[in-house]
Amino acid sequence: MGRRFLFVLGSSRTEGNTELLARRAAEQLPADVEQEWFSLLERPLADFEDRRHPGGRPRPGADGTLADGGTEANAAALLDATLAATDIVIASPLYWYSVSGPTKRYLDHWSGWLRTPGIDFRATLAGRTLWGVTALADAEPVVADPLIGTLNNAAAYLKMRFGGVLLGNGSDRGDVLKDTAALTHAKTFFAGEAPLARFPSEDA
């Protein structure tokens, strides 16, 4: 299976600093690596409802009622893209020290997909790689630790690999392009094989 990157953009604006940094990193990928970009701003998901019931949660659109541009159609497309990806890149700005609301909603939908019959969501994602890209308006990278922890623990729970988080600094549009350290890191961020994710308690 060739590598296929899914970039999930979780910003509340287009072409923000996080997206700019993610695209700089993506430019370094080999030409034969497929890329798919999914903007949660342009294709939003509905709020996740925890509707556990015997037999599992139906696959989005399984009832044949998908409407063009609707949130159910967006969920169906994003589920298919997630299952097809060898590498999932969460590109979310740092909002209140963690991922953005749309990004968290995407991760919440994973809970439903884990209970969707016929897709083996956990088994499919096991061994694949989760990455993060974020821009923060703070000189101290440590403030992004909650975001990094969220992604690391999600990967560990699904027995995925975790490539870490590419950090950039910026508040006003385009600021991250002045962050030379972040741009340098972007050139090699996706290089090499990421380790299997581990919960912090496993390293204690």
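A: A salt bridge is a side-chain nitrogen of Lys or Arg within 4 Å of a carboxyl oxygen of Asp or Glu. The model is predicted, so local features need pLDDT of at least 70 and side-chain atom pairs count only at pLDDT 80 or more, while totals for chains, interfaces and linings use all residues. Residues are numbered from 1 along each chain as its sequence is written, and side-chain values use heavy atoms, with hydrogens and water left out.

By the salt-bridge rule, the count is eight. One of them joins Lys 178 to Asp 175, with N and O 3.6 Å apart. Lys 178 is exposed, at 66% relative accessibility; here exposed means over 50% relative accessible area, buried means under 20%, and partly exposed lies in between (1.4 Å probe, protein chains only). Some bridges share partners, and in this way Arg 4, Glu 34 and Glu 36 form one network.

Another salt bridge links Asp 108 and Lys 104, at 2.7 Å from N to O. Both residues belong to helix α3 (residues 101-113), and because they are four residues apart, about one helical turn separates them. Helices (H or I, at least four residues) and strands (E, at least two) are DSSP runs, numbered from the N terminus. Asp 108 is partly exposed at 25%, and Lys 104 is partly exposed at 40%.

Arg 161 pairs with Glu 193, and their closest N and O atoms are 3.5 Å apart. Arg 161 is in strand β5 (residues 161-169) and Glu 193 is in the segment after α6 (180-186), so this bridge ties together parts 32 residues apart in sequence. Arg 161 is partly exposed, with a relative accessible area of 22%, whereas Glu 193 is exposed at 68%.

Now the interior. A nonpolar core is a set of buried Ala, Val, Leu, Ile, Met, Phe, Trp, Tyr and Cys residues joined through side-chain atoms within 4.5 Å. The largest such core has 36 residues, and among those with the most contacts inside it are Tyr 106, Trp 110 and Phe 121. Elements that each supply at least two residues of this core include α3 and β5. Phe 121 touches Trp 110, Trp 113 and Leu 114, among others, not counting residues up to four places away in sequence; contact means heavy atoms within 4.5 Å. A second, separate core has 21 residues, including Phe 5 and Val 89. In soluble globular proteins, nonpolar side chains tend to be buried together.
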